[in-house]
Amino acid sequence: MNLRSAVTRRKLSSRQIRVTVYAAQMMTDVFILLFSFLTSSLARVGHLSSGRNIDWITVLVPAFIVVAFYGRLYTLDAMQSYRLSARRACGALAWAVAITLLAFFSKDTDPDSRFIFSSGCLLSLALLMLVRIPIALFVNRAIPEMFLKKLLILDNVSARAVSGYDVVDTHELGLKLDIHDPVALHTFSSIVRDYDRILVDCRVEDREHWSLYLQAIGCIGYLLIPELRPVISDHARLAFDAASIRVSTGPMDLRSRAIKRSFDILIAVAILILVTPLLILVAIAIKCDSPGPVLFKQIRMGRGNRLFHVFKFRSMRHELADASGATSASRDDHRITRVGRFIRASSIDELPQIFNVLRGDMSLVGPRPHALGSRAGDDLFWHIDVRYWLRHSAKPGITGLAQIRGYRGATDTRHDLIERLRYDLEYVRNWSIVNDLRILLATFGVVMHKNAY
């Protein structure tokens, strides 16, 4: 199959299809809860009880959705496994019932009310279990290739076609993975970005680089290890990818991505409203101070090792600006304008990156995006430590853990880069919304910094 034509023909990505299925499952669950309690009321008293029944539903339904969301009920693994989905749905209902009991049931001694509530819970449980059977069958048998898109990459090995996988041969496309070439990484990442699971068949000597690359782009990645075939079971041999090892755990789950993205949008919009007058004043000052555009755009490496344009207020003379970032700014840099020196020292030049956040290129908190020509001493960042690419498994941020730990501004030595990388990887490994909020608040303490010039 021609990869490019296959991607072009697709109307919806697998992520969009999964979100649609998740939403449909969630709405079905809500309908089941409403139907169960109203039906129980009708069976017990002969009409739809509107008083206590509505109170229960008002608490139980939102409680169920919140618990289900945090309990990972609407996720890929739950949709593919009936047992897992049923267990998580049962747990979410149990917690929702407990919350409702705590809120209302102790205050109500009416036998009819207790019967309606109890029978409503039992009917809800039965229907929640029952409805997951067709969902699991639909996902696993009707749309498996649409729900989870899989790609096999062949790199200097024999060509093969595999059921369930789109196949791309790097030799046919004239591509070569080079972890020292940002443009090559961007090209690969742009091709594979729509896939959820990537399996690489390559030579032994290339496995280390492919493993690093799969981890860096934040996909569910596997390396095919043909030499494992003699030691796997006869049953497992039926699956082509049985002789493979997982080297990349993949991106944050839907719940985490939704929380982080919602946090970014809410805070970014609030900040934008507050600083709009300041943005206007700085733009006027830049135009009056020196000729050239107000904003400076520079190509930087973002999530998944894909390139994007970062926005900043222009702080240097337009004719002397360094598009590649090969020359870091110094304390007495003659390229920096008078207004530029102030906005760099106060970090005001970074404010336009709020628009990068709203566009989805960046997050408020994450590893800082670096210019492609950035160096520590005489060496490019990724030449010092190839783990540098792993920091791009998360969205770049306006601020990050490294910045609040004191590693902000110029990277004069290899040690500066290694320490900055250490904190970036720590952030990626231990992400939580609480940590994002803590880093964001701590950033106000390092806005003015000795290395900001």
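The following legends describe several close-up views of one predicted model.

Residues are numbered from 1 along each chain as its sequence is written, and side-chain values use heavy atoms, with hydrogens and water left out. Because the model is predicted, local features need pLDDT of at least 70 and side-chain atom pairs count only at pLDDT 80 or more, whereas totals for chains, interfaces and linings use all residues.

**View 1. The chain as a whole contains 17 helices and 11 strands.** Helices (H or I, at least four residues) and strands (E, at least two) are DSSP runs, numbered from the N terminus. Of the 453 residues in the chain, 49% are buried; buried means under 20% relative accessible area, exposed over 50%, and partly exposed in between (1.4 Å probe, protein chains only). Among the contacts with a separation of 6 or more, 69% are between residues 24 or more positions apart, where contact means heavy atoms within 4.5 Å. The accessible surface of the chain comes to about 22400 Å², and 62% of it belongs to carbon and sulfur atoms. Such areas come from the Shrake-Rupley method with a 1.4 Å probe; for residues, only the protein chains shown count as cover.

**View 2. An open sheet is formed by 5 strands.** The order is S2-S1-S3-S4-S5, and the pairing is mixed. Two strands pair if DSSP finds at least two bridges between them. Strand S2 (165–169) and strand S5 (244–249) are the edge strands, each pairing on one side only. From one strand to the next, the twist averages 25°. Axes are lines fitted to C-alpha atoms, for helices over the stretch in contact, and angles run from 0 to 180 degrees between N-to-C directions. Helix H10 (residues 207–216) lies across strand S1 (150–155), S3, S4 and S5 and runs at about 170° to S4.

**View 3. Parallel pairing joins several strands of the sheet.** S1 is mostly covered, with 5 of its 6 residues buried. S1 pairs with S2 in the parallel sense over 5 bridges, and Lys-150 stands opposite Tyr-165 in S2. S1 and S3 also run parallel, joined by 6 bridges; Asp-155 has Cys-202 in S3 as its bridge partner. Strand S3 (residues 197–202) and strand S4 (residues 220–224) pair in the parallel sense over 4 bridges, and Val-200 stands opposite Leu-223 in S4.

**View 4. Helix H12 (residues 338–345) has a buried side.** Its buried residues are Val-339, Gly-340, Ile-343 and Arg-344. These residues lie on the same side of H12 because they cover an arc of only 125° around the axis; the arc is that of the directions from the helix axis to the C-beta atoms. They pack against helix H11 (254–289) and strand S7 (307–313). The face turned away from the buried side carries the exposed residues Arg-338 and Phe-342. Thr-337 caps the N-terminal end of H12, with a side-chain oxygen 2.8 Å from the backbone nitrogen of Gly-340. Just after H12, Ser-347 takes a positive phi of about 65°.

**View 5. Helix H17 (residues 433–443) includes the buried residues Asp-436, Ile-439, Leu-440 and Thr-443.** They cover an arc of only 100° around the axis, which puts them on the same side of H17. Their cover includes H11, strand S8 (363–365), strand S11 (397–399), helix H15 (401–404) and helix H16 (414–429).

Technical notes
Polar contact = N/O pair within 3.5 Å; in protein donor to acceptor, adjacent residues only side chain to side chain.
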